[in-house]
Amino acid sequence: MKRGVALALGGGGVRGYAHLGVLEVLEKAGVPIQGLSGSSAGALAAAGFAFGHKDPYRVHEAIFDPELPRLSPGGGLRGLARLLGGFRRPHLADPRRLEEGLKALFGDALLEESPIPLALQAADLLTGEAVVLRRGPVFKAVLASMAIPGLFPPVAWEGRLLVDGDVAEKVPVRAAKALFPKVVAVDVSNPPPKEAPKTALEAALLAGEASRRRLKALALKEADLVIALDPPFPIDTFDHEKLPLVYQLGQKRAWERLKEIQALARPRLKDLLVQARPPLGGGG
């Protein structure tokens with residue numbers, strides 16, 4: 001078996017820039033990255049790193065839409081819920097800024113051309129199932145994986161309507177396992193909210209979040225190692241002023257677990273023995 005690990009990068013808005021901090025540390029430490037899967041902000045980080053866009057500030061500059069923080073006061077789930085309650089539009093944000101920024105980053109690049117095997121996860125809006133994208137335009141796959149329902153329109157892809165990958169699985173561990181058997185999952189979630197909902201819509205959205213947290217916990221059990229961002233306080237989805245904090249926190253969490261990751265990346269003795277064993281019926 002090759003030396004190295006695959007990484008499963010979860011969604012979390014601006015907290016997703018922590019993934020680039022984690023990846024920077026692993027690259028500097030010489031840990032081979034044999035595959036990258038990503039959902040939502042994790043998809044942006046996975047594709048960005050694979051295609052050489054490793055500076056979080058440049059990635060942020062390319063895609064940042066200053067309207068988003070204003071659309072969702074407080075930048076979080078509840079602010080979005082209150083805003084959604086007052087509008088009947090199919091989506092609140094104009095996707096052109098994000099789409100243009102992704103095109104500027106990735107151009108005509110295809111997923112199958114990635115120097116590191118890539119698996120970007122979106123969700124089928126009509127069925128709720130996870131859709132893992134391995135072929136096709138990188139910019140469009142990232143756009144689909146980041147299409148937060150209600151905020152951005154779904155992305156048409158081969159007869160499906162695709163939305164934010166977090167809808168199906170916040171940290172795409174199974175997609176990473178399909179790339180390489182040893183998986184480090186990076187979870188950049190906030191802690192669960194402690195306040196009771198104030199409206200029926202907030203309650204419904206929080207219930208959906210609770211369900212996704214349970215699915216995430218089940219997915220993380222399949223990873224060989226989990227790095228949790230564990231921010232010192234909740235960081236809102238669109239609070240882009242926290243980019244330096246989350247990036248540095250990603251670096252810190254990776255350094256804290258580096259020895260474990262390096263141990264995981266080494267081939268196991270039993271795998272080496274299997275590789276060294278002559279084939280059955282070997283001739284002479």
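## Helix 11 and its neighbours

The buried residues of helix 11 (258-265) pack against strand 1 (5-9), helix 1 (18-28), strand 7 (183-187), strand 8 (225-228) and helix 10 (243-256). Here contact means heavy atoms within 4.5 Å, and buried means under 20% relative accessible area, with a 1.4 Å probe and protein chains only. Helices (H or I, at least four residues) and strands (E, at least two) are DSSP runs, numbered from the N terminus.

Which residues are those? Leu 258, Ile 261, Leu 264 and Ala 265 are the buried ones in helix 11. Looking down the helix axis, they fall within an arc of 125 degrees, so they line one face of helix 11; the arc is taken from the directions from the axis to the C-beta atoms.

## Strand 3 and its partners

Strand 3 (residues 118-124) is mostly covered, with 7 of its 7 residues buried. Strands count as paired if DSSP finds at least two bridges between them. Strand 2 (residues 33-39) runs parallel to strand 3, joined by 4 bridges, and there Gly 38 sits opposite Leu 120.

Strand 4 (residues 130-133) is antiparallel to strand 3, again with 4 bridges, and Ala 122 faces Val 131 across that pairing. The hairpin these two make has 5 residues between the strands, and Gly 128 takes a positive phi near 80 degrees in it. Strand 6 (residues 160-163) also pairs with strand 3 in the antiparallel sense, over 2 bridges, with Leu 162 as the bridge partner of Asp 124.

## About the model

This is a predicted model: local features need pLDDT of at least 70, side-chain atom pairs count only at pLDDT 80 or more, and totals for chains, interfaces and linings use all residues. Residues are numbered from 1 along each chain as its sequence is written, and side-chain values use heavy atoms, leaving out hydrogens and water.

Conventions
Buried means under 20% relative accessible area, exposed over 50%, partly exposed in between (1.4 Å probe, protein chains only).
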